[in-house]
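Okay, hi everyone, I'll keep this short.

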Amino acid sequence: MAFSWDASLATNVPHIDQQHQELIQRINRLLEAMKVGKGKDEIGRLLQYVKDYTVKHFREEEMEMARRKSPVAEINKKGHQQFVTAIDQLSARFHSEGPTATLVLEMQRRLLDWLVSHIRAIDTKLASPTAATSAAAR
């Protein structure tokens, strides 16, 4: 089942929202590949994309939270560190075990959990009126 972008994921920071939407598209690509039995072919590309994505996206998002003096900035940073660790572990498994069906399912679960828990609970705080007000006050 494909995951859809909706207002519950919006940060109201255009480049951050665009990056989140790209991540959703990549996850959906994995889900589509899994449906036709080609998830193993897609997992390597997705792992590399996510590793590259986290470097750029997390840096930009953390800078935006700092700029807006977001009260969840530290929680966000810790969540990012935990996600990078999880992706590094999945990547190590990919390189040692290959693209197993178990790894494909684990990758799907981790990424969808990330979208639901982190983006909705933490990243969307960028859209909060207090974050916008404190950013405008500077």
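Let's start with H3 (residues 73-97) and H4 (residues 101-121): their axes come within 10 Å and cross at roughly 170°. For the axes, think of lines fitted to C-alpha atoms, for helices over the stretch in contact, with angles running from 0 to 180 degrees between N-to-C directions. That crossing makes H3 roughly antiparallel to H4; the cut-offs are under 35 degrees for roughly parallel, over 145 for roughly antiparallel, 65 to 115 for roughly perpendicular, and oblique for the rest. By the way, the helices (H or I, at least four residues) are DSSP runs, as strands (E, at least two) would be, numbered from the N terminus.

Who touches whom here? On the H3 side you have, among others, His 80, Phe 83, Ile 87, Leu 90 and Phe 94, and they meet H4 residues including Leu 103, Met 107, Leu 111 and Trp 114. Contact just means heavy atoms within 4.5 Å. Sorted by class, the H3 and H4 contact has nine nonpolar, five polar and three charged residues. The classes go like this: Ala, Val, Leu, Ile, Met, Phe, Trp, Tyr, Cys and Pro are nonpolar, Asp, Glu, Lys and Arg are charged, and the others, Gly among them, are polar.

Before I go on, some housekeeping. This is a predicted model, where local features need pLDDT of at least 70 and side-chain atom pairs count only at pLDDT 80 or more, while totals for chains, interfaces and linings use all residues. Residues are numbered from 1 along each chain as its sequence is written, and side-chain values use heavy atoms, with hydrogens and water left out.

So how confident is the predictor? pLDDT is its confidence in each residue, from 0 to 100, and the mean for the protein chain is 85, with 91% of residues at 70 or more. Where pLDDT is low, the predicted coordinates should not be read in detail.

Now the other pair. The axes of H1 (residues 14-35) and H2 come within 10 Å and cross at roughly 165°, which makes H1 roughly antiparallel to H2. This contact divides into eleven nonpolar, five polar and eight charged residues.

One of the H2 residues is Glu 60. Is Glu 60 buried or exposed? Buried, with a relative accessible area of 19%; buried means under 20%, exposed over 50%, partly exposed in between (1.4 Å probe, protein chains only). Leaving aside neighbours within four places in sequence, Glu 60 is in contact with His 15, Ile 16 and Gln 19. Glu 60 and His 15 are 45 residues apart along the chain, with 9.0 Å between their C-alpha atoms.

Also in H2 (residues 39-67) is Arg 59, which counts as partly exposed at 44%. C-alpha to C-alpha, Arg 59 is 9.6 Å from His 80, 21 residues away in sequence.

Last, the backbone. Two non-glycine residues have positive phi: Asn 12, near 65°, and Lys 69, near 55°. Asn 12 is in the segment before H1, and Lys 69 is in the loop between H2 and H3. Asn 12 is exposed at 56%, and Lys 69 is exposed at 56% too.

Methods
pLDDT is the predictor's confidence in each residue, from 0 to 100.
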